[in-house]
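Biologist: I am new to this structure and would like to learn how to read it. Please take me through a few features in turn.

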Amino acid sequence: MAAKVSVSPTSLLNQIVVPGDVVLDLSNMNNQTIKLGSGLLQDNDAISAMGAGKLSYSKPNKYWLESSHKRYIPRPDDHVLGIVVDSRADNFWVDIKGPQLALLPVLAFEGGTRRNIPKFEVGTLLYLRVVKTNIGMNPELSCTEASGKAALFGPLRDGFMFETSTGLSRMLLNSPTRPVIEALGKKLSFEIAVGLNGRVWVNATAPRIVIIVANAIMNSESLSGTQQRIMVEKLLAIISD
Amino acid sequence: MEIDREDGRTPNQLRPLACSRNILHRPHGSASWSQGDTKVLAAVYGPKAGTKKNENAEKACFEVIWKPKSGQIGKVEKEYEMILKRTIQSICVLTVNPNTTTSVIIQVVHDDGSLLPCAINAACAALVDAGIPMKHLAVAICCCLAENGYLVLDPNKLEEKKMTAFAYLVFPNTTLSVLPEGSSVAEGEPVEHGIITSITHGVMSVDDYFLCVENGRAATASLSAFFRKNFQQSSSKAG
C-alpha cells in the first residue's frame, strides 16, 4: 500500500520508529512539497520522529507518525466530543482531552445570532468540529460544517459516554466498518458517536444494550476481526437468556 | 585479572531488563522498568494547560515527583527530582506545546542498586507512552570503580556499597537513520557521542572517568535495542 519513496537504501516507511530516528532525508528529494503530519519534526534537511509509532505515507506527499495515546492533539477538520467546562460572553470553554482547553464561539451554530445563543450547562457533551489549531493558542471549535449547516453537530442528550485511546477511535471511524460494530448492529439497535479525541457516546432504548455495546467496543481494541465477532456472539448469547 | 561479581556476571554485563508500558489506568502514560531486582514505576500526566510561576510561558514545563519506597521525602528525593527534571527538559521538544505542564511521578518499588538510572529509563518509557514529543530517548547506566581499579557496570546494592566511586551516566539512544552518513550531526560530531547527564559519587581519576563514559556508552547500544524491541512488540500487538 505504501509507495516506495526513493530516499536512501533503507526506508523506514511502515515501520515502527522510536524518538530520534531520522526518517526522511530532504536533500535527496528536490522540488517536492511534502506535508508533515503529527509526530514528525524538521531539522534543516532531516525529518526525525518525535514519538514512537508507525511511519505512514499517503500519496501524493503526506507523511505522519501513527500512534495511539490517551491524550489528543487537536488537528483542523477533526470531529471530536467535547465537554463544556465554562461559558463566557462570546465563547464556551470546552475540554477535548488536549493540552489546552478549546474555545467554541457562541455564534458558531447554524443560524446563530446574538439573539438565540444556546445555553449549555457545565458538563454538556457536544459533538464538534475542530476549526483551527495554532501553537500556543487555544484550539477553536465549531458546531457547523465548513459550509455553515448544522449536520449532526451539537449537544448529545441521554446516552453514555466513555473514553478510549485515540487509536481505537480512529479504527472505529475507518471504512470498512469495524467488525465489532457490524456484528452488534445486526442484533441490537443503538446510536453511536465517535470522537477522534478518544471519546465514544452510545445511546439506546434499554440501559443493558448501552452497557453491552460500550463493553464490546472497549474490549475490541486488541482483537482481530474474527475474534471480535466471536466476542460479540458470546455477549449476545449471555443477554438473550 | 577479572573481578569476581557475586552473581557471576562479567564486568560489562547488565542485569536482566524488563519493561512494560501502559500498565496504569489513570495516568496518560505509564511504564515500569526493572533491572534485576531494582524496579521503578513511572506515571506521566499531561500536557495540562498552564505553567507554574517563574517558568517560561513559551516553553513546556515539566515537574517531577519522586516517591521513595518508604520514609518521608527528604533532600535525597529532592535532588533526584531536580536531576530528572533537567534530564527530561533536555530530551523533550519544549516548543511544541507551550504554556503547558507535564507531571512525571516516579514511585520506587524496590531499590537494589543503580536506582537513578532505572528511574530515568522508566520515565523515558512513560513519556513515550504518553506521546510527549521528544528529540531522542535517554538511556541511563551506572558505572562504578572498585578499589583495584576495575570497572563494573550496573551494580546491585551490595556491590555499590563496596565501590570507591560510581557514576550515573545518561546518553542519547542509538537511532536508525536514512541519512547516508549514518546519524544526525551536531557541531561536527554525531549526536550519539553526546552525553546528557553525568552524576558522580566518590573519588576517581580523570582517566577512570573517561573509561567509565566509554564503557557506559558501549552498553547503551544494548539498552537502545531493548527499548526499540519493546516498542515494536507492543505496537504490533495493539494493531
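Modeller: Start with strand pairing: two strands pair if DSSP finds at least two bridges between them. Helices (H or I, at least four residues) and strands (E, at least two) are DSSP runs, numbered from the N terminus. In chain B, strand E8 (residues 165-172) and E11(B) pair in the antiparallel sense over six bridges. Within this pairing, Ala167(B) stands opposite Thr200(B) of E11(B).

Biologist: What should I know about the model and its numbering?

Modeller: This is a predicted model, in which local features need pLDDT of at least 70 and side-chain atom pairs count only at pLDDT 80 or more, while totals for chains, interfaces and linings use all residues. Residues are numbered from 1 along each chain as its sequence is written, chains are lettered from A and ligands numbered from 1 in the order in which they are written, and side-chain values use heavy atoms, with hydrogens and water left out.

Biologist: In what order do the four strands of the open sheet in chain B lie?

Modeller: The order is E7-E6-E8-E11, with antiparallel pairing. Strand E7 (151-153) and strand E11 (197-202) of chain B are the edge strands, each pairing on one side only. From one strand to the next, the twist averages 20°. Such angles run from 0 to 180 degrees between N-to-C directions, and axes are lines fitted to C-alpha atoms, for helices over the stretch in contact.

Biologist: Which helix lies across E6, E8 and E11 of chain B?

Modeller: That is helix H2 (residues 115-130) of chain B, which runs at about 175° to E6(B), strand 138-145.

Biologist: At what angle do H1(B) and H2(B) pack?

Modeller: Helix H1 (residues 75-91) of chain B packs against H2(B) at about 45°, and the axes are 11 Å apart. H1(B) is therefore oblique to H2(B). The classes are these: angles under 35 degrees count as roughly parallel, over 145 as roughly antiparallel, 65 to 115 as roughly perpendicular and the rest as oblique. Contact means heavy atoms within 4.5 Å. Residues making the contact include Tyr80(B), Ile83(B) and Leu84(B) of H1(B), and Ile120(B), Ala123(B) and Leu127(B) of H2(B).

Biologist: Which strands form the open sheet of three in chain A?

Modeller: They are E2, E5 and E4, in the order E2-E5-E4, and they pair antiparallel. The edge strands are E2 (22-25) and E4 (40-43) of chain A. E2(A) is joined to strand E5 (residues 46-49) of chain A by three bridges. Leu24(A) has Ile47(A) in E5(A) as its bridge partner. Chain A has four helices and 16 strands.

Biologist: How are aromatic pairs read?

Modeller: Rings of Phe, Tyr and Trp (its six-membered ring) pair if their centres lie within 6.5 Å; planes under 30 degrees apart count as stacked, over 60 as edge-to-face and the rest as tilted. By this rule there are eleven aromatic pairs over all chains. The rings of Tyr57(A) and Tyr63(A) have centres 4.8 Å apart and planes at 40°, so this pair is tilted.

Biologist: Is Tyr63(A) buried or exposed?

Modeller: Buried means under 20% relative accessible area, exposed over 50%, partly exposed in between (1.4 Å probe, protein chains only). Tyr63(A) is buried at 3% relative accessibility, and Tyr57(A) is buried at 13%. Buried residues make up 46% of the 241 residues in chain A.

Biologist: Which residues do ring pairs link into a cluster?

Modeller: The cluster consists of Trp33(B), Phe226(B), Phe227(B) and Phe231(B).
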